[in-house]
Amino acid sequence: MQSLLNHYRRSIALHLLLVIFGVYFLVAVLVTVVQLYKEYDNTKKEFYNEIQTLPATFGKGISDSVWTYNQELLQSILQGMYNLPILVGIKVQSLDDKMDFKIGAVFNEQNQVEYYDSKGQPTEQTLTGLGSNALFKHEFPISYQGPAFDQNIPLGTVTLYSNDQL
């Protein structure tokens, strides 16, 4: 029995099988890793593109509500935006600071994450898990152009926050 086992250990067929299996395994792992990276990169690009389309969708309503100092309308629009699964926070900063509003997870002046409820009141941390504190943002200006104005009147900025967990 021992001599038969030694015979198989020294055989070319076994060595060839091990080499082929080893190369196949490495190729399979490499292809899987490349495919996962490409899929992640593609999803990330789609994610960023979707966030960048939000100003075109909600920008006019936000600028009208800031222009008319309609806090109820602004809060309603922001709550609707916040319900989108790609956003974890929204911050509106008006130039006169009268229409400032925060909802969800946002950065403060010291770049620390703060949490606000749907009414804009500070609250406890609601996001947990890997990537929940790794916020990234997309800013766009709020401006108003009415029929009596030749140019846009700047009103402030809106900052949309998302995170890597999504």
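Helices (H or I, at least four residues) and strands (E, at least two) are DSSP runs, numbered from the N terminus. The model is a predicted one, in which local features need pLDDT of at least 70 and side-chain atom pairs count only at pLDDT 80 or more, while totals for chains, interfaces and linings use all residues. Residues are numbered from 1 along each chain as its sequence is written, and side-chain values use heavy atoms, with hydrogens and water left out.

Along α2 there is a kink of about 55°, centred on F58, where the bend at a residue is the angle between axes fitted to the seven residues ending there and the seven starting there. The buried residues of α2 include F47, I51, L54 and P55, and also G59, I62 and V66; buried means under 20% relative accessible area with a 1.4 Å probe, protein chains only. Among the elements that cover these buried residues are α3, β1, β4 (135-144) and β5, contact being counted for heavy atoms within 4.5 Å.

After α2 comes Y69, whose phi is positive, near 55°. N70 then caps the N-terminal end of α3, with a side-chain oxygen 3.4 Å from the backbone nitrogen of E72.

Helix α3 itself takes in residues 71-82, and its 12 residues reach 16 Å from the first C-alpha to the last, close to the 16 Å expected at 1.5 Å a residue. Within α3, the residues L74, I77, L78 and M81 are buried. They lie on the same side of α3 because they cover an arc of only 95° around the axis, an arc taken from the directions from the helix axis to the C-beta atoms. The cover over the buried residues of α3 includes α2 (12-67), β1 (89-94), β2 (101-107) and β5 (153-163).

The strand β2 is largely enclosed by the rest of the structure, because six of its seven residues are buried. β1 and β2 pair in the antiparallel sense over four bridges, two strands being paired if DSSP finds at least two bridges between them, and F101 in β2 is the bridge partner of V92. β2 also pairs with β3 (residues 113-116), in the antiparallel sense and over four bridges, and here F107 stands opposite V113 in β3.

How values were computed: Expected span 1.5 Å × (residues − 1). Buried < 20%, exposed > 50% of the residue type's maximum accessible area, 1.4 Å probe, protein only. Polar contact = N/O pair within 3.5 Å; in protein donor to acceptor, adjacent residues only side chain to side chain.
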